[in-house]
Amino acid sequence: MPNVVDPAPKSEARAYVLGGNASTLAFTSSLVPENRQVTAWLVPLAWTPIGAVLGENWQRVGVAADNLAGWTDQTFDPSDERSFVSSLRELELLARIGWSAPVPEALGDDTVVNPEDLPEDILDAFTHAPESLVQCAICRRSCVRDHFVWNERRLCAWDYHATVFGKRGPWREAPYEERLWETIPAAAYVAGPLLEDVAVDAVVAIDGLEDELAHRLLNEAIAADPAHPHLAVRTSGGYTLLRERSAPPAPPE
């Protein structure tokens, strides 16, 4: 018989996670029906190269108390590779004892009743503050609102890297003039694995230096390698300098 978590005291806010998928995490804080319905909360999710991110705005929905298991299975379709559902046996046992707790203001390790049912990526997301999420302007994937913005369009990390760091990005073959530093791309971070797709290397990373010194170091690196186009990126911690890879030699005829 599975272990059942003791009901939380009425004064302690808790959440039982029902399941999740690529865009949503669902939980409930009470299995006591009201008008034959149980309240579930839908938390938006974004998956990024650095992990899952919880959204700020929750949606409240009513689920038929006698079909909670069916609703969970239907909502979190296993065809979605990121879908998971929690133990329905444990859910039934908690329903029998009338488990109920206040709704937490935020989800965290100390508020989730069943962390053993959750993927590691979701557990890691609990350690970070929730973010404002939007849909990527290109692929409609959920993404963090202000992590990647280009030409006033909010993009996911994948589309930003492909668009801005791709062949059509603002590459330079000479050091930056002072006025051009205000125009360089700004991103929350540069994701190394995504650079592989566009044949680009991150050759310099600068964090915590004054802009004047950082600009000088970046320009020196560009001037020392005139054979390759470079692109400076302002990140949340400083700067990253990217360099296009040389085209592979043509095969012999």
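Predicted model: local features only at pLDDT ≥ 70, side-chain atom pairs only at ≥ 80, totals over all residues.

Student: Cysteines then. How many disulfides does the structure hold?
Tutor: It holds 0 disulfides. Take Cys136, which is in no disulfide: the nearest cysteine sulfur belongs to Cys139 and is 3.8 Å away.

Student: Is Cys136 buried or exposed?
Tutor: Cys136 is buried, with a relative accessible area of 0%. Cys156 also counts as buried, at 1% relative accessibility.

Student: OK, switching to charges. How many salt bridges are there?
Tutor: There are 8 salt bridges in the structure. One of them pairs the side chains of Lys167 and Glu244, at 4.0 Å from N to O.

Student: Where do Lys167 and Glu244 sit in the chain?
Tutor: In distant parts, 77 residues apart. Lys167 is in the loop between α4 (157–164) and α5 (192–196), while Glu244 is in strand β13 (residues 238–244).

Student: Which counts as buried or exposed there, starting with Lys167?
Tutor: Lys167 counts as exposed, at 68% relative accessibility. Glu244 counts as buried, at 13%.

Student: What does Glu177 pair with?
Tutor: Glu177 forms a salt bridge with Arg179, and their closest N and O atoms are 3.0 Å apart. Glu177 is partly exposed, with a relative accessible area of 41%, and Arg179 counts as exposed at 57%.

Student: Nice. Which residue does Asp225 bridge to?
Tutor: Asp225 forms a salt bridge with Arg243, with 3.2 Å between the closest N and O atoms. This pair also links distant parts of the chain, 18 residues apart: Asp225 lies in the loop between α6 (211–223) and β12 (230–234), and Arg243 lies in strand β13.

Student: How accessible are Asp225 and Arg243?
Tutor: Asp225 counts as buried at 16% relative accessibility, whereas Arg243 counts as partly exposed at 26%.

Student: Last one: which residues do salt bridges with shared partners join into one network?
Tutor: Glu196, Asp201 and Arg245 are joined that way.

Student: And why can such side chains pair up in general?
Tutor: Side chains of opposite charge can pair when their charged atoms come close.

Note on methods
Residues numbered from 1 in each chain as written. Heavy atoms only, no water. Disulfide = S-S within 2.5 Å. Buried < 20%, exposed > 50% of the residue type's maximum accessible area, 1.4 Å probe, protein only. Helix = DSSP H or I, 4+ residues; strand = E, 2+ residues; numbered from the N terminus.
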